[in-house]
Amino acid sequence: MSTWAAPSPFAIVLLVLLGAVGHQIAKSICYFAGDGMLALPKGKMKERIERARARIERWNKRPKVIMFLASTIGLPPLYPLAFVAGPLMNMRFWQFTAICGFGRIGRFATMMIVPQLIQG
């Protein structure tokens with residue numbers, strides 16, 4: 001039987017914040033890449049983007065709720081949403097960063113705290 005030491009509360013907070021900051025840096029790169037992505041394509045790729053735009057418009061009535069769900073529970077996946085948040089969902093960068101940042105803090109905190117509660 002192995003012994004397992006629970007991390008201190010300070011370590012949990014530090015890990016959650018580092019994870020959220022690292023994740024937000026990656027998603028910020030995706031956000032800005034998405035802004036430039038729509039200006040470049042021509043031909044078939046432009047057609048694909050226009051079809052995606054039509055699909056996104058169907059559920060784009062509440063983009064902040066969708067982004068919060070993506071950042072907390074992962075449905076829909078946050079990775080593709082980060083690319084379309086600016087150009088197709090019309091979300092400002094500060095809104096995107098706040099929603100994703102707080103959502104990820106909540107997600108990562110849950111992932112760190114629940115095992116501590118189960119371990120007892």
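**Close-up views of the predicted model**

**View A. Surroundings of Met67 in the largest nonpolar core**. With its neighbours within four places in sequence left aside, Met67 is in contact with Leu78, Leu81, Ala85, Met89, Met91, Phe96, Ile99 and Cys100 (contact means heavy atoms within 4.5 Å). The model is predicted, so local features need pLDDT of at least 70 and side-chain atom pairs count only at pLDDT 80 or more, whereas totals for chains, interfaces and linings use all residues. Residues are numbered from 1 along each chain as its sequence is written, and side-chain values use heavy atoms, with hydrogens and water left out. A nonpolar core is a set of buried Ala, Val, Leu, Ile, Met, Phe, Trp, Tyr and Cys residues joined through side-chain atoms within 4.5 Å; buried denotes under 20% relative accessible area, exposed over 50%, and partly exposed the range in between (1.4 Å probe, protein chains only). The largest core has 18 residues, of which Met67, Leu81, Val84, Ala85, Met89, Met91 and Phe96 touch the most other members. Two or more residues come from each of H1, helix H3 (63-72), H4 and H5, and H4 gives the most, with five residues. Helices (H or I, at least four residues) and strands (E, at least two) are DSSP runs numbered from the N terminus.

View B. Val16 belongs to helix H1 and is buried, because its relative accessibility is 6%. Residues up to four places away in sequence not being counted, Val16 touches Ile105, Phe108, Ala109 and Met112. The C-alpha atoms of Val16 and Gly86, 70 residues apart along the chain, are separated by 26 Å.

**View C. Aromatic pairs**. Five such pairs are found in a search of the whole structure; rings of Phe, Tyr and Trp (its six-membered ring) pair if their centres lie within 6.5 Å, and planes under 30 degrees apart count as stacked, over 60 as edge-to-face and the rest as tilted. The pair of Phe32 and Phe93 is tilted, at 4.8 Å centre to centre with 35° between the planes. This pair links distant parts of the chain, 61 residues apart: Phe32 in helix H1 (residues 9-37) and Phe93 in helix H5 (residues 93-119). Phe32 is partly exposed at 49% relative accessible area, as is Phe93 at 30%. Tyr79 and Phe83 form an edge-to-face pair, 5.2 Å centre to centre and 85° between the planes. Both residues of that pair, Tyr79 and Phe83, lie in helix H4 (residues 78-84), four residues apart, about one turn of the helix. Tyr79 is partly exposed at 49%, whereas Phe83 counts as buried at 19% relative accessibility. Tyr31, Phe32, Phe93 and Phe96 make up one aromatic cluster.

**View D. Backbone at Pro76 and Asn90**. The peptide bond from Leu75 to Pro76 is cis, with omega near -5°, and Pro76 is placed in the loop between H3 and H4. In the loop between H4 and H5 lies Asn90, whose phi is near 55°, a positive value in a residue other than glycine. Asn90 is exposed, because its relative accessible area is 60%.
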